[in-house]
Amino acid sequence: MLSRLQELRKEEETLLRVKAALHDQLTRLKVEELALQSLIRAKEENTADSSALVAVDPHQTLGQMDNEAAINQTELHLSLQPHEEEEEEEEEEESDS
């Protein structure tokens with residue numbers, strides 16, 4: 001009888017570990033699901049924004065759209081430069097230590 005009780009306790013411990021592992025996995029899956037939903041929404045908004053731009057001014061030439069894209073990319077590039085400098089400074093500080 002005592003050995004049967006020990007077996008049941010071991011089984012209970014095993015089941016509790018499995019339960020904890022499944023709970024952790026479920027939590028990770030929920031986080032991944034939310035991230036994917038966010039990406040899908042962002043992509044849909046970008047698609048809707050792009051189609052809205054075309055719908056607003058159908059007489060706009062492709063050249064003008066290319067210029068706007070180039071300007072937007074330039075602004076993005078310029079806004080990233082300070083961040084890159086900070087990373088370089090951090091790397092230099094780490095190598096000096």
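Reply: What follows looks at helix H1 and then at the chain around it. The model is a predicted one. The protein chain contains 2 helices and 0 strands, and helix H1 covers residues 2–56.

Start with a pair of charged residues. Arg-4 and Glu-7 both belong to helix H1, where they sit 3 residues apart, about one turn of the helix. Their side chains form a salt bridge, with 3.7 Å from N to O. The structure holds 1 salt bridge in total. Glu-7 has a relative accessibility of 46%, so this residue counts as partly exposed. Arg-4 is also classed as partly exposed, because its relative accessibility is 48%.

Further along helix H1 comes Ile-40. Together with Leu-36 and Leu-39, Ile-40 makes up a nonpolar patch on the surface, and the accessible area of the three together is about 320 Å². Ile-40 has 48% relative accessibility and therefore counts as partly exposed; the cut-off for buried is under 20%.

The whole chain gives the setting for these residues. Of its 97 residues, 0% are buried. The chain exposes about 9,300 Å², and 57% of that area comes from carbon and sulfur atoms.

Confidence also needs a word. The average pLDDT of the protein chain is 75, with 53% of the residues scoring at least 70.

Key. Residues are numbered from 1 along each chain as its sequence is written. This is a predicted model: local features need pLDDT of at least 70, side-chain atom pairs count only at pLDDT 80 or more; totals for chains, interfaces and linings use all residues. Side-chain values use heavy atoms; hydrogens and water are left out. Helices (H or I, at least four residues) and strands (E, at least two) are DSSP runs, numbered from the N terminus. Buried means under 20% relative accessible area, exposed over 50%, partly exposed in between (1.4 Å probe, protein chains only). Accessible areas come from the Shrake-Rupley method with a 1.4 Å probe; for residues, only the protein chains shown count as cover. Patches are made of residues with over 30% relative accessible area and no salt bridge: like charges are joined within 9 Å, nonpolar side chains (Val, Leu, Ile, Met, Phe, Trp, Tyr) within 5 Å. A salt bridge is a side-chain nitrogen of Lys or Arg within 4 Å of a carboxyl oxygen of Asp or Glu. pLDDT is the predictor's confidence in each residue, from 0 to 100.
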